[in-house]
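Please read this briefing with the sequence and the 3D structure open beside it.

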Amino acid sequence: MAKVLLEMNSITKTFPGVKALDNVNLKVEEGEIHALVGENGAGKSTLMNVLSGIYPYGSYSGDIIYDGEVCEFHNIKDSERKGIVIIHQELALIPYMTIGENMFLGNEQGSKWCIDWNKTYAEADKYLEMVGLTDSSKTLIKDIGTGKQQLVEIAKALAKHARLLILDEPTSSLNETDSKALLDLMKKLKSEGMTMIIISHKLNEVSYVADKITVVRDGSTIETLDATTDDISETRIIKGMVGREMTDRFPKRHDVPIGDVMMEVDHWTVYHPEFSERKVCDDVSINVHAGEVVGIYGLMGAGRTELAMSIFGRSYGIGISGKLTLKGEELTLKNPKQAIAAGIAYVTEDRKGNGLVLTNSIKTNTTLANLAGVSSGSFIDKDKEYQVAEEYVKKLRTKTPSVEQLVGNLSGGNQQKVLLAKWMFANPDVLILDEPTRGIDVGAKYEIYCIINDLAKAGKSVIMISSELPEVIGMSDRIYIMNQAKIVGEMPASEATQENIMACIVKSGSEA
Amino acid sequence: MEGNKVLNFLRKYMMLIAMVVVVIAFSIITGGKTLFPQNINNLISQNAYVFVLGTGMLLCILTGGNIDLSVGSVVCLAGGIGAIILEKNLPWPLAVVLMLVMGLIIGMWHGFWIAYVKVPPFIATLVGWLAFRGLANIIMGGYTYSITDESFLKIFGGGDACYVPDFLANIGPASDLNKTCIVAGAIIAIGYAVYTFINRSRLIKKGYKVDSIISVVIKTILIVAVIGWLTYKLASYKGIPTVLIWIALVLGIFAYITTKTTLGRNLYAVGGNEKATRLSGINTKMVMFSAYTLMGLLAGFAGILNIARLKGSSPNYGMGYEMDAIAACFIGGASAYGGTGSIGGVIIGAALMGIINQGMVVANTPPNYQTVVKGIVLVLAVLFDVIMQMRRKGSKKTAAAETTEKGGAKA
């Protein structure tokens, strides 16, 4: 039995309104690769942020015992000093700096007043060799591919004398070959005595590389599987990940007749706006009927948002090809304005970034997408605007003292309602809801579900994008499953179970 | 909650309070000289350009803290063109139209680069700052032109004749006061009060929430008092300066645009969250373009007022005007990140700057110290804004922490 390097005991971390971690225990032995798996929002990243000091000591309860002593990390520097280095999902490299400069950013070689560049590059080259990268450390980051950039991140971590390396979704932006290379590098580092924690959605990779697998679900650690003694097949892991009971968290829709096809998207292909050779939607075909709620399930980065935004007046992506038919009429929508005019609304997943003007009032936000509805010519009828805002506040039961309240002062759930009000007032036929219940509490979720049902009853078509399986199954009439830019499955809600949806994804992942 | 109310009151009226304090301070220091009717009159005519340019600048700042550095040069270029035309004894309306068109075209030029080519506003207008100053020098050949067209000067407020004639001088009892000015002031004050209360009862009838009657009465009395006081001061000098009418017109039109039209709404929305605005189907490029186009137009108009007041044009006119306009906006509470600010704020900012400027001149402050003081005022204004925002965030943070603790206690 190897020595235990890290022990996290009954870690509990609460955010306002949400308990992100509930009594979590994790034990990592020296020299092993330990995988953390779980659905989005299960608490994996929160746990790692606690470990690395991003959430400082005192903001959570529980103990971190590392290398035999209890640790109190107040920031990343504290944990790095001990040799705990986290590599985040989004690469944190600066494109216009060299590999060497990036590797020693914040850890400059030489003295504070005079950086020793010779030493910097010599050291950098040494670590690059360790991760099997042959490029010169004077190459600019922007000139190497994402696969190599990920290796640079690891080299950077090694340069900090890491003993425990945490990799958060290290392969999410890599192709198959680069992923394989990265996993093999991990195995090589392990053989040299490195301890690693990997967070991943790709279960085939986890099975390939991990010695132990800890399953996290709803903020708790469910079980830890040992690769040498337990069954670590993908189906076994999935069972642990989703094995939660469904209760009536979802209001039922009764007798909502499903009408004709409202919108149809055919052979829809979209390329990434910056990496123009990367497809973010690959030959996607979906449709939605009047009065129907269609769910699109997929993990983060599967291309769901990209699909929705490209349909919504090409507000994302380049080189968009495919056919969009609305009420039997083929359309070419060049911008959001045309999309809104045609009757499509996109309710963003990022309500603060893309949805609301936080410095403006509820009233102003409610009418933003349909100012013409409350004005004659270019003059706003303030009375009418006020009435409209009041009407939606009542209808959606938004909790606020008045419609003049700044949206930035509302809670997440109420902000989401204002966002919905904005798009309902635009009176679309098709509503695309992107993660409509992200980051809001259970009560507000239920109310949002009721609003979705009301929309369907009113004969609207609703497309609901979500990465929460129970929500997709509970709310949809029909479900599309999306993975790695493709639709990999379609099933009526009656046939959908968490297991067979996850199976769809896993199957497509191993085919690719 | 009580603390919050005080904080909100301070936020809203801080600059107004500051202005009152400054006015009182200067009148004490100078032994009341700053409040002489002539000084009040000069305050308005000398700072006309700040009000006009500040209004345009506000539009740009609203779109996301973007500024226009070129306005001083544009004022000079437009003024130069106008002065040359007037010197040739061509009709003055032609000069006015050409100056406005010049400003408009320059505004569109900037708008094009900023909105459609995505040149950062700072750079695009820095180019304008250099190039249009140069162009002004070229067309004027480095000379100073003087303007003698009487009707032009009268209408746009130059020289001694730039007052609204006293139509009512021979009616009623004889007096030193300008009766037209008194009557106009009375009409405005009464009109304002009547409108306020009619509008309030209309809103109540429709079932809207309104401010309490006491606060409305106090506010109305204060505003009416200020109008009355200003009227009295102007009336005891030469009456209404024509330039005041132009300022009021510009401020009125743009107060309307920013609060009641879709364009105004879009300016605030773009500054508040550009992406969300674009995804709401609003042509954000057009909004940016409009802001700079209107700024250009107003710069052209400021050029007219400028050459009328100075009765001529010279290649070094308008230097540093852009900074006065920017400072007026920020002192008036516009956010350097865009999305907040108002014409009312511009009025207060411009007036405060003007009062400080003039007060220092009257108090014989050495010129070199005057700019330092102006700088300090700007810093204080911005600091106040920043502190207020931190306070707000701070109070939110403690609230969040409290919830966290409560959650923890439950567990």
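Helices (H or I, at least four residues) and strands (E, at least two) are taken here as DSSP runs and numbered from the N terminus, and two strands are said to pair if DSSP finds at least two bridges between them. With those terms, β4(A) and β5(A) form a hairpin with 2 residues between them, and A:Asp67 in the turn has a positive phi of about 55°. The model is a predicted one, in which local features need pLDDT of at least 70 and side-chain atom pairs count only at pLDDT 80 or more, while totals for chains, interfaces and linings use all residues. Residues are numbered from 1 along each chain as its sequence is written, and chains are lettered from A and ligands numbered from 1 in the order in which they are written.

**Chain A overall**

- Chain A contains 17 helices and 22 strands. Its radius of gyration is 25 Å, close to the 24 Å that the globule rule gives for 512 residues, so chain A is as compact as a globular protein of that length; the radius is taken over C-alpha atoms, and the rule is 2.2 Å times the number of residues to the power 0.38.
- The box filled by the C-alpha atoms of chain A, taken along the principal axes, is roughly 70 × 50 × 45 Å.
- Of the 512 residues of chain A, 47% count as buried, where buried requires 20 or more other C-beta atoms within 10 Å of the residue's own, exposed means 12 or fewer, partly exposed lies in between, and C-beta atoms are placed from the backbone.
- Taking contacts in chain A between residues at least 6 apart in sequence, 68% join residues at least 24 apart; two residues are in contact if their C-beta atoms, placed from the backbone, lie within 7 Å.
- Chain A is divided into domain 1 (4-242), domain 2 (258-343 + 430-441 + 462-512) and domain 3 (352-427), with bounds that come from an automatic or database domain assignment. The centres of domain 1 and domain 2 of chain A, taken over C-alpha atoms, are separated by 32 Å.

**Strand pairing in chain A**

- Strand β4 (residues 61-66) of chain A is joined by 5 bridges to strand β1 (residues 4-15) of chain A, and the two run antiparallel; A:Asn9 has A:Asp63 in β4(A) as its bridge partner.
- β4(A) is also joined to strand β5 (residues 69-71) of chain A, through 3 bridges and again in antiparallel fashion, with A:Glu69 in β5(A) as the bridge partner of A:Tyr66.
- Strand β7 (residues 164-168) of chain A is mostly covered, with 4 of its 5 residues buried.
- β7(A) runs parallel to strand β6 (residues 84-87) of chain A, to which 4 bridges join it, and A:Leu165 in β7(A) is the bridge partner of A:Val85.
- β7(A) also runs parallel to strand β8 (residues 195-199) of chain A, with 5 bridges between them, and A:Ile197 in β8(A) is the bridge partner of A:Ile166.

**The surroundings of A:Met103**

- A:Met103 lies in helix α3 (residues 99-103) of chain A and is buried, with 26 other C-beta atoms within 10 Å.
- Leaving aside neighbours within four places in sequence, A:Met103 is in contact with A:Ala124, A:Tyr127, A:Val152, A:Ala155, A:Lys156 and A:Ala159. The C-alpha atoms of A:Met103 and A:Ala124, which are 21 residues apart along the chain, are separated by 7.0 Å.

- Chain B has 16 helices and 2 strands. Its radius of gyration is 23 Å, close to the 22 Å that the globule rule gives for 411 residues, so chain B is as compact as a globular protein of that length.
- Of the 411 residues of chain B, 42% count as buried.
- The contact between the chains takes 28 residues from chain B and 33 residues from chain A. On the side of chain B that touches chain A, the elements giving two or more residues are α11 (262-272), α12 (274-279) and α16 (367-410) of chain B, and α11(B) gives the most, with 6 residues.
- α11(B) is itself mostly covered, as 10 of its 11 residues are buried, among them B:Arg265 and B:Tyr268.

**The largest nonpolar core**

- The largest nonpolar core has 258 residues, and those with the most contacts inside it are A:Ile432, B:Val52, B:Leu53 and B:Leu305; such a core is a set of buried Ala, Val, Leu, Ile, Met, Phe, Trp, Tyr and Cys residues joined through C-beta atoms within 7 Å. Helix α13 (residues 284-310) of chain B gives the most to this core, with 16 residues.
- Not counting residues up to four places away in sequence, B:Val52 touches B:Ile247, B:Val250, B:Leu298, B:Phe301, B:Ala302 and B:Leu305.
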